[in-house]
Amino acid sequence: MSKRVPLLINGQFVDSKSAETLPVINPATQDVLAHVPLATMDEVEQAVQGAAEAFKTWRNVPVPERARLMLRYQALLKEHHDELAEILAEDNGKTFEDAKGDVWRGIEVVEHACNVPSLLMGETVENVANGVDTYSNIQALGVCVGITPFNFPAMIPLWMFPLAVACGNTFVLKPSEQVPLTTVRLLELFKEAGCPDGVVQMIHGSKQQVDALLTHPVTKAISFVGSVPVGEHIYRTGTHHLKRVQCFAGAKNHTVIMPDADKNSVVNNLVGASVGAAGQRCMAISVAVFVGDSINWLPELVDNLKGVRPGLWSDAGAGYGPLVSKPATERVKALIGKGIEEGATCLLDGRDCSVEGLPDGNWVGPTVFSDVTPEMTIYQQEIFGPVLCCIHVDTLEQAIAVVNASPYGNGTSIFTNSGSAARRYQHEVEVGQVGINIPIPVPLPFFSFTGWKGSFMGDLHAYGKQAVRFYTETKTITARWPYVESAAGQPNMTIALK
Ligand code: NAD
């Protein structure tokens, strides 16, 4: 019998009382790594109430001490960087290099949280009336909640709880039930860094447990990253229960290739950006919009993609890993079939893909479609697999129109040697992250990141710099200080207003 994944309740890693479990599966082998219990409603209640109790003291811990916790945590995460990447690669399947990047991006957010005293500075105006000052303080909300997806098992939990906790909140985390093992290790290290009992709680589960958190009268703010339909449900349910909600959802990212771009740079960059991580990235490039003669580079791109093969996380020659699950694999293969059925030209078909020695892995080879039109299912749906859809247009204007008509707006990029084309693109495109001669503009915590349009719902203070605003309230105080001498007798100048 493989191990059961623990919950974290009031500082203790405990076995759930639930008999209902889901297997955590290595997607390259189908080995069962663990069983994740779906927490009982009683356990969800304990987690929330424990976090509410811990908030009473945690909110009063001096801000520099909270920053020091983050400094200790950052050091521990760096020390355990490769170990975390290995755990992550086992249950998610991504290559070791990719897994290390996943952990590193999370560490950068913890580094940002070390700066919390500066991030929490309020504002002051002295003497709004004689002897009266007004100033604002930034205060923690209370119990915050995080619900995370399978594709970044380290980075995305680390987007959420470190900053929320550094701001003085307590946190209930519900990691993806498909990849919960990395989160367990992240929280063991947080405890080791000195996080007091109850400040972060972890429960496992799916809809039932998430709904209990969304509707609980004690929870104040909900951070979600995942697919569009689930994001819409979470946004609707959370806001209906008057919570503050931010939902990072699905994507369909376009890159625009101008004929004046550097061909080698385009081809080399597009290979990794389209099929890297098996296309299971919210910032993956899934649509290439070729402008004018740049379409002539497509055969070379296809040739390069033919040379990429998936494999085990520890295989240094593998370009990417397996898809996360059997149902995800079947869905991607069905969408490829649909693309062919609906008339797109399949230049490279990855459905019949195998990896030597790993017959049970969720393998899909690199896949490329050309002649894709916006009505096709493969264009409309987020495939979340190693599939690139190609479109051909005549002008930059048409390319911008294609990108702006998409219901998604997470990331995009343009390849060009023209400053004016690049300037126009970044100015007119309706997307949150824009790369210029950079295929995937990865979000950085000292900037802000929210997708536009259907890729994001809710409070725009979502990630990084401005997330402090999501996890806090502003309180404005106007004070006539008792020890300030009366204004009587002082020169009192008034200005007559017309
Ligand atoms: P998912 O929506 O299936 O699951 C995300 C989380 O929601 C999980 O914790 C899951 O347990 C929970 N959940 C699932 N069904 C639920 C329901 N009916 N009610 C309540 N909670 C539910 O997403 P996934 O497959 O794990 O992740 C892939 C998706 O995440 C893709 O669409 C990808 O684009 C998106 N994503 C977006 C970003 C971004 O920044 N915009 C980043 C990473 C991933």
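This is a predicted model: local features need pLDDT of at least 70, side-chain atom pairs count only at pLDDT 80 or more; totals for chains, interfaces and linings use all residues.
1. Which domains supply the shell around the ligand? Domain 1 (3-122 + 139-249) and domain 2 (253-436) each give at least three residues to that shell. As you look at the ligand, then, follow the chain through both domain 1 and domain 2.

2. Now for the residues themselves. There are 27 residues around the ligand, and the ones that come nearest are Pro 149, Gly 226, Ser 227, Val 230 and Cys 282. Two elements give two or more residues to the shell: helix H8 (207-215) and helix H9 (228-240). Sorted by class, the shell holds 12 nonpolar, 11 polar and four charged residues.

3. Two packed helices are described by the angle between their axes and the distance between the axes. For helix H4 (residues 96-113) and helix H6 (residues 155-166), the angle is about 10 degrees and the axes lie 8 Å apart. Because of that angle, H4 is roughly parallel to H6. From H4, the contact uses Asp 102, Arg 105, Gly 106, Val 109, Val 110 and Ala 113, while H6 brings Met 155, Leu 158, Trp 159, Pro 162, Leu 163 and Ala 166. Nine of the residues in the contact of H4 with H6 are nonpolar, one is polar and two are charged.

4. Please look at helix H2 (residues 63-79) and helix H7 (residues 181-193) too: they pack at an angle of about 130 degrees, and their axes are 9 Å apart. Is H2 parallel or oblique to H7? The angle makes H2 oblique to H7, and H2 passes H7 in a right-handed crossing. H2 takes part through Leu 69, Arg 72, Tyr 73, Leu 76 and Leu 77, and H7 through Leu 189, Phe 190, Glu 192 and Ala 193. The contact of H2 with H7 has seven nonpolar and two charged residues, with no polar ones.

5. A last pair to trace is helix H10 (residues 263-275) with helix H11 (residues 298-306). Their packing angle is about 55 degrees, with the axes 10 Å apart, and therefore H10 is oblique to H11. H10 passes H11 in a right-handed crossing. Here Val 267, Leu 270, Val 271 and Val 275 of H10 meet Glu 300, Leu 301, Asn 304 and Leu 305 of H11. The contact of H10 with H11 divides into six nonpolar residues, one polar and one charged.

Definitions and conventions:
Residues are numbered from 1 along each chain as its sequence is written. A residue is near a molecule or strand if its C-beta atom, placed from the backbone, lies within 6 Å of it. Helices (H or I, at least four residues) and strands (E, at least two) are DSSP runs, numbered from the N terminus. Ala, Val, Leu, Ile, Met, Phe, Trp, Tyr, Cys and Pro count as nonpolar, Asp, Glu, Lys and Arg as charged, and the others, Gly among them, as polar. Domain bounds come from an automatic or database domain assignment. Axes are lines fitted to C-alpha atoms, for helices over the stretch in contact, and angles run from 0 to 180 degrees between N-to-C directions. Angles under 35 degrees count as roughly parallel, over 145 as roughly antiparallel, 65 to 115 as roughly perpendicular and the rest as oblique. Two residues are in contact if their C-beta atoms, placed from the backbone, lie within 7 Å. A crossing is left-handed if the near helix is turned anticlockwise from the far one by less than a right angle, and right-handed if clockwise.
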